[in-house]
Amino acid sequence: MKRNFSMLLGALAALILVSCNSNPTITSPEHVEWKVEKMADYESAIADENRPTLKLFMAKAVGSTGCNSFNGSFSLQSESIKFPAPTFALTKKMCPPNLMEIEKHYIGLLGRVESWTIDGDNMLHLKDGTGTELLVMSFVRELESTETL
């Protein structure tokens, strides 16, 4: 009896650990923090600490370009998403030329985004009006409803 109870307890603990460590299934780009994995027409390596990020919450878009922070707005309707990139507010920190190049490219790509999809690996694919993939972003975390952006 003790052995069966111990085995049951061990199996239950393993199940709890697995369920706590698994990522949720993401079905919308909103209420999530994303990190750039790939940018169209950009072949240079990007150090992990300099990867651009994006947080989307209640029509507000904020993030990092890898150098500067930015904020602005976005509109989301079904699979359509648009960022009025010229209206992004950016901090003005001067960074090494390669980071400034990443920033310029990233902000430019966001301005061309018109649609999104999320694949089975929780990767966000942002595309232009012709369906060309502009950005691939990985899931970082879900945003808490109490967070302010």
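In which strand does Ser138 lie? Ser138 is part of strand 10, where helices (H or I, at least four residues) and strands (E, at least two) are DSSP runs numbered from the N terminus. The model is predicted, so local features need pLDDT of at least 70 and side-chain atom pairs count only at pLDDT 80 or more, while totals for chains, interfaces and linings use all residues. Residues are numbered from 1 along each chain as its sequence is written, and side-chain values use heavy atoms, with hydrogens and water left out.

Ser138 has a relative accessibility of 10% and therefore counts as buried; buried means under 20% relative accessible area, exposed over 50%, and partly exposed in between (1.4 Å probe, protein chains only). The side chains of Ser138 and Glu37 make a polar contact at 2.7 Å. A polar contact is a pair of N or O atoms within 3.5 Å; within protein, one must be able to donate a hydrogen and the other to accept it, and residues adjacent in sequence count only if both atoms are side-chain atoms. With residues up to four places away in sequence not counted, Ser138 touches Glu33, Trp34, Lys35, Glu37, Asn122 and Met123, contact being heavy atoms within 4.5 Å.

His125 is found in strand 9. Its relative accessible area is 13%, so His125 is buried. The His125 side chain makes a polar contact with the side chain of Asp119 (2.9 Å), and another of 2.5 Å joins it to the side chain of Glu133. Residues touched by His125, beyond four places away in sequence, include Ser115, Trp116, Thr117, Leu135 and Val136.

The largest nonpolar core has 33 residues, of which Phe83, Tyr106 and Leu110 touch the most other members. Such a core is a set of buried Ala, Val, Leu, Ile, Met, Phe, Trp, Tyr and Cys residues joined through side-chain atoms within 4.5 Å. Two or more residues of this core come from each of strand 1 (32-39), strand 2 (53-57), helix 2, strand 8 (115-118), strand 9 (123-127) and strand 10 (133-142). Helix 2 gives the most, with six residues.

One disulfide is counted, a disulfide being a pair of cysteine sulfur atoms within 2.5 Å. The disulfide joins Cys67 to Cys95, with an S to S distance of 1.8 Å. Cys67 lies in the loop between strand 3 (60-64) and strand 4 (69-73), and Cys95 in the loop between strand 7 (89-90) and helix 2 (97-112), so the pair ties together parts 28 residues apart in sequence. The disulfide is right-handed because the torsion about its S-S bond is about 90°. Both Cys67 and Cys95 are buried.
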